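This report describes one protein for a reader who has not seen it before. Please look through the sequence and the structure first, then read on.

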Amino acid sequence: GFDEAAFGCDKMIHIQAADGTGVQSLSVHIPAGISDGKSIRLRGKGMPGVSGGKAGDLLLKVEEDNDYIKM
């Protein structure tokens with residue numbers, strides 16, 4: 001946990017696809033020095049906009065555990 005938060009890391013997350021067709025895998029970069037409880041914004045990875053508008057942003061809340069960073 002401390003090393004990941006202090007030095008940064010890359011994590012693979014799995015989320016429900018915005019269109020509901022399955023699971024989407026995303027690689028997320030955890031920046032060095034991030035604090036517990038902070039959020040990471042993934043632009044354009046949220047739900048689709050109304051009436052065909054562009055997708056919103058996905059916010060991931062970072063929680064530091066003794067062994068690893070979880071979102």
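## Terms and basis

A nonpolar core is a set of buried Ala, Val, Leu, Ile, Met, Phe, Trp, Tyr and Cys residues joined through side-chain atoms within 4.5 Å. Buried means under 20% relative accessible area, exposed means over 50%, and partly exposed lies in between (1.4 Å probe, protein chains only).

The model is predicted: local features need pLDDT of at least 70, side-chain atom pairs count only at pLDDT 80 or more, and totals for chains, interfaces and linings use all residues. Residues are numbered from 1 along each chain as its sequence is written, and side-chain values use heavy atoms, with hydrogens and water left out.

## Overall layout

The protein has one helix and six strands. Helices (H or I, at least four residues) and strands (E, at least two) are DSSP runs, numbered from the N terminus. Along the sequence the pattern is α-β-β-β-β-β-β. Of the 71 residues, 28% count as buried. The accessible surface comes to about 4900 Å², and 50% of this surface belongs to carbon and sulfur atoms; the areas come from the Shrake-Rupley method with a 1.4 Å probe, and for residues only the protein chains shown count as cover.

Contact means heavy atoms within 4.5 Å. Among contacts with a separation of 6 or more, 36% are between residues 24 or more positions apart.

## Confidence

The average pLDDT, which is the predictor's confidence in each residue from 0 to 100, is 80 for the protein, and 85% of the residues score at least 70. Among the elements, β3 has the highest mean pLDDT (89), and strand β6 (residues 69-70) has the lowest (60).

## The nonpolar core

The largest nonpolar core has twelve residues: Cys-9, Ile-13, Ile-15, Leu-26, Val-28, Ile-30, Ile-34, Ile-40, Leu-42, Leu-58, Leu-60 and Val-62. Two or more of these residues come from each of β1 (9-16), β2 (23-30), β3 (39-42) and β4 (58-61). Leu-42, a member of the core, touches Leu-26, Val-28, Asp-57, Leu-58 and Leu-60, when residues up to four places away in sequence are not counted.

Helix α1 (residues 2-7) contains Ala-5. Ala-5 has a relative accessible area of 8%, so Ala-5 is buried. Its C-alpha is 7.5 Å from that of Ile-30, although Ala-5 and Ile-30 are 25 residues apart in sequence.

## Strands β3 and β4

Strands β3 and β4 run antiparallel and are joined by four bridges; two strands pair if DSSP finds at least two bridges between them. Arg-41 has Leu-59 of β4 as its bridge partner.

In a regular strand the side chains alternate between the two faces of the sheet. The covered face of β4 holds Leu-58 and Leu-60, whereas Leu-59 and Lys-61 are on the uncovered face.

## Salt bridges

A salt bridge is a side-chain nitrogen of Lys or Arg within 4 Å of a carboxyl oxygen of Asp or Glu. By this rule there are two salt bridges. One of them links Arg-41 and Asp-57, whose closest N and O atoms are 3.2 Å apart. Arg-41 is in strand β3 and Asp-57 is in the loop between β3 and β4, so this pair ties together parts 16 residues apart in sequence. Arg-41 is partly exposed because its relative accessibility is 47%, and Asp-57 is partly exposed with a relative accessible area of 33%.

The side chain of Asp-57 also meets that of Arg-43 in a salt bridge, at 3.5 Å from N to O. Asp-57 and Arg-43 both lie in the loop between β3 and β4, so the pair ties together parts 14 residues apart in sequence. Arg-43 counts as exposed, at 66% relative accessibility. Through shared partners, the salt bridges join Arg-41, Arg-43 and Asp-57 into one network.

## Two loop residues

Ser-51 is in the loop between β3 and β4. Its relative accessibility is 77%, so Ser-51 counts as exposed. Most residues other than glycine have a negative phi, and most peptide bonds are trans. The phi of Ser-51 is near 55°, a positive value in a residue other than glycine.

Gly-22 lies in the loop between β1 and β2. Gly-22 counts as partly exposed because its relative accessibility is 23%. Apart from neighbours within four places in sequence, Gly-22 is in contact with Ile-15, Gln-16 and Ala-17.
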